[in-house]
Amino acid sequence: MSPEPNLPAGSARARAFRRILAEMLKIDRVRGGLVVAADGLVIAASVPRGIAVEPLAALAATLGRELEVGADRLKRTPFQAALFSADNGTVFLGSSPVGFVVVLGDKEVNIGLVQWALRKALATLEGAWGSPANVPERPEDM
Amino acid sequence: MGLLRLLSRIWDAITSLTRPPNPATLFRRADLYRQEGRFEEAAELVAQGLRLSPNNGVGHLLSAYLHLAFRQIGPAKSEFQSVLQADPYHPRALLGLAKIALEERDFGACRPFLDKALQYYPDFPEARALQEMVAGWVTAAGSAGQAAAYAGPALQVEKLKPPAAGREFVLTQADGTLVFSHGDKDGVDLAAHVTQVYRIASATLQRAGLGALRRGIVQAATETLFFRSNDRLILELSFPHDVKIGFGLLETDKLWTNSLRELGMRA
């Protein structure tokens, strides 16, 4: 059992998260994605059948926090976006005030295009919380 | 259904004006806001609820979550501990403290929290995922942060030929043992962070069904970091933030190949 099941979200902000996710999922070879708070709470998710959302969210949030905390410890600037590739695909991770945007791509995914779309999504989230970041108009300008 | 919901909301709005809110209602609404990413509004409701019911476990748990969402680790820890004072086996509070211990690299403290959370709730997926990840870690450093000594062949920076544009680089074993570092950061601190990123990213990729970590790129405001790894070694090389990704990947591959050659390993 999961001690605290998630309830459906209904606000405009929750709809914005789902819209961001839907945009990411339109990219060719993107298999799934999630928006997860820094505490591991799943705010929006769409992952392929056979992948459990909560464990993946818990690990992704832990990874995001290590990138944040590690940068702070090493006196580096906070991370904005990251990607980690394996033989069968890539996990993309973006940092935002609400938490982390996670995108799963298969091994043929266009990494530059996802990075650009992720930056746009993060800028949208930043805008909802404060000052939006600048994102190049096209992926090739990044 | 839509009309009923609308009428219910109108009724709630009217009655809320005439009766004081009760803590349960406030916490329920706060939890809904939290799940919608409306952390500020949720935090206000939780604070209001805790003023009415200062020992409420649900309120303290929500407060802990919200502190974590705002990246306020100290207050989150205190709130999770408050929950455990009333219920020592509360799985969510135990998971929260386990995550904080992970962030603090206190693996000795992290494992018992997860074990305890799973003792009464064995099908708790988030705790199980973290427990499985942590269980596989062989600590070279140990919980006290003492670095293990590297016992392999010594490396010389000129033979590795690091790129002139690179800032610093570190090579570690998968267990966290520092092999070599170059640059102005403390090598042991850098190795500890790189190892943690490698471990957690590997677990995340495996959980997503994508396989073992091979490469990584981390982009920050002032630097871009490149990772390369196999099952035994991890390399991190940093460049200024405006480095071209293709150039960074190429230089990382060169440094990786040189490092393996010097260590007598096959690519």
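Modeller: Helices (H or I, at least four residues) and strands (E, at least two) are runs taken from DSSP and numbered from the N terminus. Residues count from 1 along each chain as its sequence is written, while chains are lettered from A and ligands numbered from 1 in the order in which they are written. The model is predicted: local features need pLDDT of at least 70, side-chain atom pairs count only at pLDDT 80 or more, and totals for chains, interfaces and linings use all residues.

Start with H2(A). Just after this helix, A:Lys75 takes a positive phi of about 60°. The expected span of a helix is 1.5 Å times one less than its number of residues. For the 21 residues of H2(A) that gives 30 Å, and its end C-alpha atoms are 30 Å apart, so the two agree. A residue is buried if 20 or more other C-beta atoms, placed from the backbone, lie within 10 Å of its own. In H2(A), 16 of the 21 residues are buried, so the rest of the structure largely encloses this helix.

Now the meeting of the chains. Contact means that C-beta atoms, placed from the backbone, lie within 7 Å. By that rule, 53 residues of chain A are in contact with 52 residues of chain B. H2(A) gives the largest share of chain A's side, 15 residues. Among the other suppliers of at least two residues are helix H1 (12-25) and strand S3 (79-86) of chain A. Ala, Val, Leu, Ile, Met, Phe, Trp, Tyr, Cys and Pro count as nonpolar, Asp, Glu, Lys and Arg as charged, and the others, Gly among them, as polar. Chain A's side has 32 nonpolar, 12 polar and 9 charged residues.

Next, the sheet. Strands of a sheet pair through backbone hydrogen bonds, either parallel or antiparallel. Here, two strands pair if DSSP finds at least two bridges between them. S3(A) and strand S3 (residues 213-220) of chain B pair in the antiparallel sense over 7 bridges. A:Phe79 stands opposite B:Ala220 in S3(B).

That pair belongs to an open, antiparallel sheet of 10 strands, in the order S2(A)-S1(A)-S5(A)-S4(A)-S3(A)-S3(B)-S4(B)-S5(B)-S1(B)-S2(B). Strand S2 (42-46) of chain A and strand S2 (178-182) of chain B stand at the edges, each with a single partner strand, so one side of each has no neighbour in the sheet.

Notes: Contact = placed C-beta atoms within 7 Å. Buried ≥ 20, exposed ≤ 12 C-beta atoms within 10 Å, placed from the backbone.
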